[in-house]
Amino acid sequence: MGRETRCLRWAEAAAEVAFERCPPLRPFPVRKGKRLAPGWWWSATTGRLVHYGSAAMRLHLMLLDRDRRVSGIAARPLELRWREPDGVRVHAPQLMLRLVDGQGVLADCVAGRELSQRQRSVAAVLGEMCGAVGWRYWVLGPVEPVYRRNVAWLSGYRHPRYRGSQQVAAALQEAFAARTPLEEGVCGIGDPLVVLPALFHALWAGRLAADLSVPLHEGMPVWAQVAP
């Protein structure tokens, strides 16, 4: 769609525009004192870069990139306007997602567990607006630390170059057909320096599974994931 900006009625835009393919309306600003500057996340889901503006947004981009329900991701591709008694309100949701069933999702990422009054007000309006066109609105908050660290580790192996050869991929499925300790399965295949990157990629991609609520370790059970 390039970088053209258009104003459309919400129902028309939601039905006609592939927002998940649109660039950001504008870059996220660099704010003095912030621990994380805006940046770009390479998405394994889309094969494209997605802009982020905060640590919370980067975290959820990472998690959504691994979510098998998601087929498209875009950062701040649209701005919504609505009237309130005191004037016109404007909000640009941080993320737009397209789910594999075709449904759209708008999302904002927050660092804290409690929403401010303004955030609650915006969430209520966007929830109604999304519901009116068959979409959803999500407020994405803090994530359990161990799970977050595990997915962050696996995300380093998300690129297809880590998948390994067809022989290694097939061997992983065979070695972990039943629940098997990670180190035992890897050593049964071959050189860990070759096999481990392919195993981490398979865990990221969902071809293998493990309990990511506990720290990754060499004895943790890993098993082949049944295709949906």
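A salt bridge is counted here where a side-chain nitrogen of Lys or Arg lies within 4 Å of a carboxyl oxygen of Asp or Glu. Side chains of opposite charge can pair when their charged atoms come close. A search of the whole structure finds five salt bridges. One of them links Glu-20 with Arg-98, whose closest N and O atoms are 3.1 Å apart. Glu-20 sits in the loop between helix 1 (10-16) and strand 1 (39-42), while Arg-98 belongs to strand 6 (residues 95-99), so the pair ties together parts that are 78 residues apart in sequence.

The structure is a predicted model, in which local features need pLDDT of at least 70 and side-chain atom pairs count only at pLDDT 80 or more, whereas totals for chains, interfaces and linings use all residues. Residues are numbered from 1 along each chain as its sequence is written, and side-chain values use heavy atoms, with hydrogens and water left out. Helices (H or I, at least four residues) and strands (E, at least two) are DSSP runs, numbered from the N terminus.

Two strands are said to pair if DSSP finds at least two bridges between them. An open sheet of four strands has the order 3-6-7-8, and its pairing is mixed. At the edges of this sheet are strand 3 (70-75) and strand 8 (136-140), each of which pairs on one side only. Neighbouring strands here are turned by 25 degrees against each other on average, direction ignored; axes are lines fitted to C-alpha atoms, for helices over the stretch in contact, and angles run from 0 to 180 degrees between N-to-C directions. Strand 7 (residues 104-109) and strand 8 run parallel and are joined by five bridges. Within strand 8, Leu-140 is the bridge partner of Cys-109.

Two helices lie across strands of this sheet. Helix 2 lies across strand 3, strand 6, strand 7 and strand 8, and runs at about 160 degrees to strand 3. Helix 3 (residues 117-132) lies across strand 7 and strand 8, at about 150 degrees to strand 8.

Other strands pair as well. Strand 4 (residues 80-84) and strand 5 (residues 87-91) pair in the antiparallel sense over five bridges, and a hairpin of two residues joins strand 4 to strand 5. Gly-87 in strand 5 is the bridge partner of Glu-84, and Val-90 in strand 5 is that of Arg-81. A further open sheet has three strands in the order 9-11-10, with antiparallel pairing. Its edge strands are strand 9 (180-181) and strand 10 (208-209), each pairing on one side only. Strand 9 pairs with strand 11 (residues 221-224) in the antiparallel sense over two bridges, and Thr-180 stands opposite Val-222 in strand 11.

How do the helices pack against one another? Helix 2 (residues 55-66) and helix 4 (residues 145-155) pack at an angle of about 70 degrees, with their axes 10 Å apart. These two helices are therefore roughly perpendicular to each other; angles of 65 to 115 degrees count as roughly perpendicular, under 35 as roughly parallel, over 145 as roughly antiparallel, and the rest as oblique. Helix 2 passes helix 4 in a left-handed crossing, the term used if the near helix is turned anticlockwise from the far one by less than a right angle, with right-handed used if clockwise. Contact means heavy atoms within 4.5 Å. The residues in contact are Leu-59, Met-62, Leu-63 and Arg-66 of helix 2 and Tyr-147, Arg-148, Val-151, Ala-152, Leu-154 and Ser-155 of helix 4. By class, this contact has seven nonpolar, one polar and two charged residues, where Ala, Val, Leu, Ile, Met, Phe, Trp, Tyr, Cys and Pro count as nonpolar, Asp, Glu, Lys and Arg as charged, and the others, Gly among them, as polar.

Helix 4 also packs with helix 7, at an angle of about 120 degrees and with axes 9 Å apart, and the two are therefore oblique to each other. Helix 4 passes helix 7 in a left-handed crossing. Val-151, Trp-153, Leu-154 and Ser-155 of helix 4 make the contact with Phe-200, Leu-203 and Trp-204 of helix 7.

Helix 7 (residues 192-205) packs with helix 6 (residues 182-189) too, at an angle of about 125 degrees with axes 9 Å apart. Helix 6 passes helix 7 in a right-handed crossing. Here Leu-182, Val-186 and Ile-189 in helix 6 meet Pro-192, Val-195, Leu-196 and Leu-199 in helix 7, a contact of seven nonpolar, no polar and no charged residues.
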